[in-house]
Amino acid sequence: MVDIDARTWEDALIEDMRAHDGAITNGPLAGHPILIMMSKGAQTGEPRRAILTYSRDGDDYVVAGTAGGSPTTPSWVANVRSNPEVTVEVGNRTVEATASVVDGPERDRLWDAHVERLPWFAEYPAQSGRLIPMVRLTPKAAR
């Protein structure tokens, strides 16, 4: 369950994004590439929202399951493993996409590219003590 203060903060962040064509204009995430991913809960099937920093790999969006460096993988990773059909809101558009958790050398390549684009992510593996899952979000229109 999301803390009421966290939900209020997320709602304000989304309001800022939508008012500025997807750009965050204030707060600690100002200037970061942010998307909103809607998935279905792995156990409940209920809609779940995740606000994620992304990088790009071709037409795909790439997100990392860092949970801000927490030792626990975020629940949205289990959600997309169970239900890979998601909706992604980025910029001023919303697209249907398929999420895939990427493993092996391709995961490592995506992680390295993600860290190159977003250098503050480099500290998360040591901070969390776990391998950070990488997830590719492939827009259905891009297929």
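## A buried aspartate and its salt-bridge network

Aspartate 60 has 11% relative accessibility and therefore counts as buried, where buried means under 20% relative accessible area, exposed over 50% and partly exposed in between, with a 1.4 Å probe and protein chains only. This is a predicted model, in which local features need pLDDT of at least 70, side-chain atom pairs count only at pLDDT 80 or more, and totals for chains, interfaces and linings use all residues. Residues are numbered from 1 along each chain as its sequence is written, and side-chain values use heavy atoms, with hydrogens and water left out.

**Salt bridges**

The structure holds 7 salt bridges, a salt bridge being a side-chain nitrogen of Lys or Arg within 4 Å of a carboxyl oxygen of Asp or Glu. Asp57, Asp60, Glu106, Arg109 and Arg136 are linked in a network of such bridges.

| Pair | N to O distance |
|---|---|
| Aspartate 60 and arginine 136 | 2.8 Å |
| Arginine 109 and glutamate 106 | 2.8 Å |
| Arginine 136 and glutamate 106 | 2.7 Å |

Arginine 136 lies in strand 6 and glutamate 106 in helix 3, so their bridge ties together parts that are 30 residues apart in sequence. Helices (H or I, at least four residues) and strands (E, at least two) are DSSP runs, numbered from the N terminus. Arginine 136 is buried, with a relative accessible area of 13%. Glutamate 106 is partly exposed at 29%, and arginine 109 is partly exposed at 36%. Both glutamate 106 and arginine 109 belong to helix 3 (residues 104–117), where they are 3 residues apart, about one turn of the helix.

**Barrel**

In the order 1-2-3-6-5-4, 6 strands close into a barrel with antiparallel pairing. From one strand to the next the twist averages 40 degrees; axes are lines fitted to C-alpha atoms, for helices over the stretch in contact, and angles run from 0 to 180 degrees between N-to-C directions. Strand 2 (residues 47–57) pairs with strand 3 (residues 60–64) in the antiparallel sense over 4 bridges. Two strands pair if DSSP finds at least two bridges between them. Aspartate 57 stands opposite aspartate 60 of strand 3.

**Helix 2**

Helix 2 (residues 75–82) lies across strand 1 (34–40), strand 2, strand 3, strand 4 (85–90), strand 5 (93–102) and strand 6 (134–139), at about 55 degrees to strand 1. Trp76, Val77, Asn79 and Val80 of helix 2 are buried. Seen down the helix axis, these residues fall within an arc of 160 degrees, so they line one face of helix 2; the arc is that of the directions from the helix axis to the C-beta atoms. On the other side of helix 2, Ser75 and Arg81 are exposed.

**Nonpolar cores**

A nonpolar core is a set of buried Ala, Val, Leu, Ile, Met, Phe, Trp, Tyr and Cys residues joined through side-chain atoms within 4.5 Å. The largest has 19 residues, of which Leu35, Met37 and Leu137 touch the most other members. Strands 1 to 6 and helix 2 each supply at least two residues of this core, and the largest share, 4 residues, comes from strand 5. Apart from this core lies another, of 11 residues, including Val62, Ala64, Val102 and Leu118. Beyond its neighbours within four places in sequence, methionine 37 is in contact with Arg48, Arg49, Ala50, Leu52, Trp76, Val80, Val86, Thr87 and Leu137, contact meaning heavy atoms within 4.5 Å.
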